[in-house]
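Please view the sequence and the model below before reading on.

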Amino acid sequence: MFKVDFEKAHDSVSWDFLLYMLRRMSFCDRWISWIEGCLNSASIFILVNGSLSTKFIPQRGLRQEDPLVAFLFNVVAEGLNDLMRKAWRKNYLKVSCLVGTR
């Protein structure tokens, strides 16, 4: 069974995979470096007992308030779509549909 939870998917996007997909989709190097700069500019603090923790840098995920997040997520989803297509062609997937069964 294959299930995708799109509510949590933004948090688990691999930055390496996103950059790979941008290269694979023939985006220019300058655009890719801008996106990489946006990803790497993220930093997070956590409030612990009323005090801020030390800053740490995330390694994956997309910031949901970012105006580019929908576009970037679609780039990643295109990669998933391609992987599913390849798996289907190699008969790694079997699709069955249960509609209206009780």
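## Salt bridges

The structure holds four salt bridges. The model is a predicted one. Side chains of opposite charge can pair when their charged atoms come close.

One of these contacts joins the side chains of Asp82 and Arg24, with an N to O distance of 2.7 Å. The pair connects distant parts of the chain, since Asp82 belongs to helix 4 and Arg24 to helix 2 (residues 15-24), 58 residues apart. The two partners can also be described by their accessibility: Asp82 is buried, at 12% relative accessibility, and Arg24 is partly exposed, at 40%.

Arg85 is partly exposed, with a relative accessibility of 36%.

A further salt bridge pairs the side chains of Asp82 and Lys86, at 3.5 Å from N to O. Asp82 and Lys86 are separated by about one helical turn, because they stand four residues apart in helix 4. Lys86 counts as partly exposed, at 39% relative accessibility. Through shared partners, salt bridges join Arg24, Glu78, Asp82, Arg85 and Lys86 into one network.

## Helix 4 and the overall fold

Where in the chain does helix 4 lie? Helix 4 covers residues 69-89, a run of 21 residues. From its first C-alpha to its last it reaches 30 Å, close to the 30 Å expected at 1.5 Å a residue. The buried residues of helix 4 are Val69, Leu72, Phe73, Val75, Val76, Gly79, Asp82 and Ala87. Helix 4 is followed by Asn91, which has a positive phi, near 60°.

The secondary structure of the chain as a whole amounts to four helices and two strands. Read from the N terminus, the elements follow the order α-α-α-β-β-α. The chain has 102 residues, of which 23% count as buried.

Trp31 and Phe71 make an edge-to-face pair, with 6.3 Å from centre to centre and 75° between the planes. Trp31 lies in helix 3 (residues 29-40) and Phe71 in helix 4, so this pair ties together parts that are 40 residues apart in sequence.

Phe27, Trp31, Trp34 and Phe71 together form one aromatic cluster.

## Surface patch and cysteines

Which residues make the nonpolar surface patch of about 310 Å²? The patch is made by Ile44, Ile46, Val48 and Phe56. Of these residues, Val48 lies in strand 1 (residues 47-48). Val48 is partly exposed, at 45% relative accessibility.

The structure holds zero disulfides. Cys28 is partly exposed, with a relative accessibility of 46%. Cys38 is likewise partly exposed, with a value of 35%.

Conventions. Residues numbered from 1 in each chain as written. Predicted model: local features only at pLDDT ≥ 70, side-chain atom pairs only at ≥ 80, totals over all residues. Heavy atoms only, no water. Expected span 1.5 Å × (residues − 1). Buried < 20%, exposed > 50% of the residue type's maximum accessible area, 1.4 Å probe, protein only. Phe/Tyr/Trp six-rings, centres within 6.5 Å; stacked < 30°, edge-to-face > 60°. Patch = residues over 30% accessible without salt bridge, like charges linked within 9 Å, V, L, I, M, F, W, Y side chains within 5 Å. Areas by Shrake-Rupley, 256 points an atom, 1.4 Å probe, with all protein chains shown as cover. Disulfide = S-S within 2.5 Å.
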